[in-house]
Amino acid sequence: PRSIWISRHGESMYNLSGQIGGDADLSHRGQKYAEELPKLVKNSAGDRTLTVWISTLKRTAQTAKHLPYEKLQWKALDELDSGVCDGLTYGDIEKQYPQDFKARDEDKYNYRYLGGESYRDVVIRLEPIIMELERSENILIVTHQAVLRCIYAYFMGSPQDKSPWMEVPLHTLIKLTPRAYKTEEERMYADV
Ligand code: F6P
């Protein structure tokens, strides 16, 4: 059966400082993950020739750098746009935009950052990606937390409005194999 592999980018400098959005480089640990990823993938996908889908942000290209496969960049895989909050920490947002902080807490799926996006917006912009995925084989997607949560929810058959709470941790390769009644999943953790 067809499988899809998904992974977040390795830890970035913004992940370390707790800032959201941006276009930061990988941290040292994130680079270690990038170095480990080919082995993790090979163990799971064997000799299949994969195609790697990345976003237009540096941290996904840096994570995919050592993978010996063709890479395809998609703007639609960029992280949820946090608008005016881009580059802030959750603490900064709570201080500078207290009403927004509260609104997001109350309805995380529908909350749209000022000048940015909501999870609902991301689900919509992912439609072409999902369509293309459904008719492709041997795809590995290296992208961002919010985007992967939506893709993961889709394949697991979870309601899309549950996407914001899906567990998609760093430094974990997830193999999804859709079957007749449910999608099988396997998680592989990198020791970095
Ligand atoms: O912190 C990493 C990150 O990918 C941010 O860039 C993004 O805004 C956030 O996670 C999405 O997670 P949440 O929707 O839980 O804030």
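Predicted model: local features only at pLDDT ≥ 70, side-chain atom pairs only at ≥ 80, totals over all residues.
The secondary structure of the chain consists of eight helices and six strands. Read from the N terminus, these elements follow the order β-α-α-β-α-β-α-α-α-α-β-α-β-β. The chain has a radius of gyration of 16 Å, close to the 16 Å given by the globule rule for 192 residues, and it is therefore as compact as a globular protein of that length. Along the principal axes, the C-alpha atoms occupy a box of roughly 50 × 40 × 25 Å. Of the 192 residues in the chain, 33% are buried. When contacts between residues at least 6 apart in sequence are considered, 61% of them join residues at least 24 apart.

The largest nonpolar core comprises 33 residues, and those with the most contacts inside it are Ile6, Val122, Leu126, Val147, Cys150 and Ile151. Two or more residues of this core are contributed by each of the strands E1 (4–8), E2 (51–54), E4 (139–143) and E5 (172–178), and by each of the helices H2 (28–45), H6 (119–125) and H8 (145–156). Helix H8 supplies the largest share of the core, namely eight residues. The surroundings of Val122 illustrate the packing: with residues up to four places away in sequence left out, Val122 touches Leu80, Glu117, Ala146, Val147 and Cys150. Two of these partners, Val147 and Cys150, are themselves among the residues with the most contacts inside the core.

The shell around the ligand is formed by Asn15, Ile20, Gly21, Glu79, Leu80, Ser82, His144, Gln145, Ala146 and Pro164. By residue class, this shell divides into four nonpolar, five polar and one charged. Leu80 and Ala146 belong to the ligand shell and are also contacts of Val122.

Two residues stand out in their backbone geometry. Most residues other than glycine have a negative phi. Asn138, although not a glycine, has a positive phi of about 55 degrees. Asn138 lies in the loop between helix H7 (127–134) and strand E4. With 15 other C-beta atoms within 10 Å, Asn138 is partly exposed. His171 is likewise not a glycine and has a positive phi of about 55 degrees. The position of His171 is in the loop that runs between helix H8 and strand E5. His171 has 21 C-beta neighbours inside 10 Å and therefore counts as buried, the threshold being 20 or more.

Conventions:
Residues numbered from 1 in each chain as written. Core = buried A, V, L, I, M, F, W, Y, C linked by C-beta atoms within 7 Å. Buried ≥ 20, exposed ≤ 12 C-beta atoms within 10 Å, placed from the backbone. Helix = DSSP H or I, 4+ residues; strand = E, 2+ residues; numbered from the N terminus. Contact = placed C-beta atoms within 7 Å. Rg over C-alpha atoms; globule rule 2.2 N^0.38 Å. Near = placed C-beta within 6 Å. Nonpolar A, V, L, I, M, F, W, Y, C, P; charged D, E, K, R; others polar.
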